[in-house]
Amino acid sequence: MVAAPPPSPLVGVAPLPLDWARSTNLPRPPIATTAANACPPLHQRRLQRGCRGRWSRVRVERGKFKELGFSDSRLFMGHCYPFCPQPDLTIGIRSHSDYALMAVLLQNQVPGLQIKHGDGWVDVKPLRGGLIINIGDSLQIISNDEYKSVEHRVLANSSKEPRISTVEFFHADNRNGSACYGPLLELLSPEKPAIYRNFTMKEFLEIFYTKGVHSKSLVKELKL
Ligand SMILES: O=C(O)CCC(=O)C(=O)O
Ligand SMILES: [Fe+2]
């Protein structure tokens with residue numbers, strides 16, 4: 001039996017199934033210092049190009065995601081995975097997909113992040129200054145499955161050095177509003193009917209907080 005890591009005053013805002021990790025929401029830094037902007041200008045341009053290309057694949061007009069409010073609200077989280085003496089008996093963060101539209105992740109040199117591929121897990125090897133862009137459940141739903149949110153997890157850290165990561169989530173701001181989200185109408189056709197029902201952000205977050213975060217629970221819940 002492995003004892004839990006020592007208690008910490010840091011409390012995460014989301015019901016992430018935290019195991020051998022300490023997580024907190026961090027004060028949102030000015031846009032110029034966030035992960036996406038902290039990388040060298042060349043990488044920033046590549047990131048912008050990459051994102052533009054990706055959005056254009058779902059054939060929605062430019063600025064659509066901004067109009068929907070999906071870039072207004074950002075949540076900035078920090079995770080620390082302390083050394084775990086018996087990493088095979090526990091996990092850093094259990095398998096989940098992010099509820100946001102997209103998440104930008106920056107990790108230090110200590111490995112542990114894995115993404116699900118088929119029935120297996122693939123290591124995401126740390127690359128100095130590299131940013132990991134995760135597609136979240138919101139994008140899977142509004143793109144009507146053109147994009148699939150990625151299931152990922154973090155192994156318990158067997159290295160003496162702590163594993164540190166920061167994640168910036170881009171999601172809709174309309175937490176209490178009645179604005180309805182769902183598969184974008186311009187992506188639907190008789191051949192491609194909606195796979196998901198419409199939802200308000202309030203409802204989305206209620207599901208998130210009651211079901212918890214594990215293995216694409218939000219996507220499953222909103223499927224027609
Ligand atoms: O620490 C990591 O690399 C992943 C964190 C994560 O998956 C999350 O905050 O949703
Ligand atoms: Fe995540």
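I started with the space taken by ligand 1, and it is the largest cavity. I note that the model is a predicted one.

**Shell of ligand 1**

I listed the residues around ligand 1 next. They are H79, Y81, H96, D98, L105, L113, H152, V154, R163, S165, V167 and F169. I then sorted the shell by class: 6 residues are nonpolar, 4 are polar and 2 are charged.

Which strand gives the most to the shell? I found that β9 does, with 4 residues. I also checked which strands supply at least two shell residues each: β2 (73-81), β8 (152-155) and β9 (163-171) do.

**Polar contacts of ligand 1**

I looked up side-chain atoms facing the oxygen atoms of ligand 1. For Y81, I read 2.6 Å from a polar side-chain atom to an oxygen atom of the ligand. For D98, the distance from a polar side-chain atom to a ligand oxygen is 3.0 Å. For H152, I got 3.0 Å between a side-chain N or O atom and an oxygen atom of ligand 1.

How much of ligand 1 does the protein bury? Taken alone, the ligand exposes 290 Å², and the protein buries 99% of that.

**Salt bridges**

I moved on to charged pairs and counted 3 salt bridges. I looked up one of them, between the side chains of E146 and K192, at 2.8 Å from N to O. Where do its two partners sit? E146 is in the loop between α4 (137-142) and β8. K192 is in the loop between β10 (180-181) and β11 (199-200). The two residues are 46 residues apart, and I noted that the pair links distant parts of the chain.

How values were computed: Residues are numbered from 1 along each chain as its sequence is written. Chains are lettered from A and ligands numbered from 1 in the order in which they are written. This is a predicted model: local features need pLDDT of at least 70, side-chain atom pairs count only at pLDDT 80 or more; totals for chains, interfaces and linings use all residues. Side-chain values use heavy atoms; hydrogens and water are left out. A residue is near a molecule or strand if one of its heavy atoms lies within 4 Å of it. A polar contact is a pair of N or O atoms within 3.5 Å; within protein, one must be able to donate a hydrogen and the other to accept it, and residues adjacent in sequence count only if both atoms are side-chain atoms. Accessible areas come from the Shrake-Rupley method with a 1.4 Å probe; for residues, only the protein chains shown count as cover. On a 1 Å grid over the protein atoms alone, a cavity is a set of points where a 1.4 Å probe fits but cannot get out, and a pocket is an open set with protein on both sides within 12 Å along at least five of seven lines; lining residues have an atom within 4 Å of a point. A molecule sits in a cavity or pocket if more than half of its atoms lie within 2 Å of its grid points. Ala, Val, Leu, Ile, Met, Phe, Trp, Tyr, Cys and Pro count as nonpolar, Asp, Glu, Lys and Arg as charged, and the others, Gly among them, as polar. A salt bridge is a side-chain nitrogen of Lys or Arg within 4 Å of a carboxyl oxygen of Asp or Glu.
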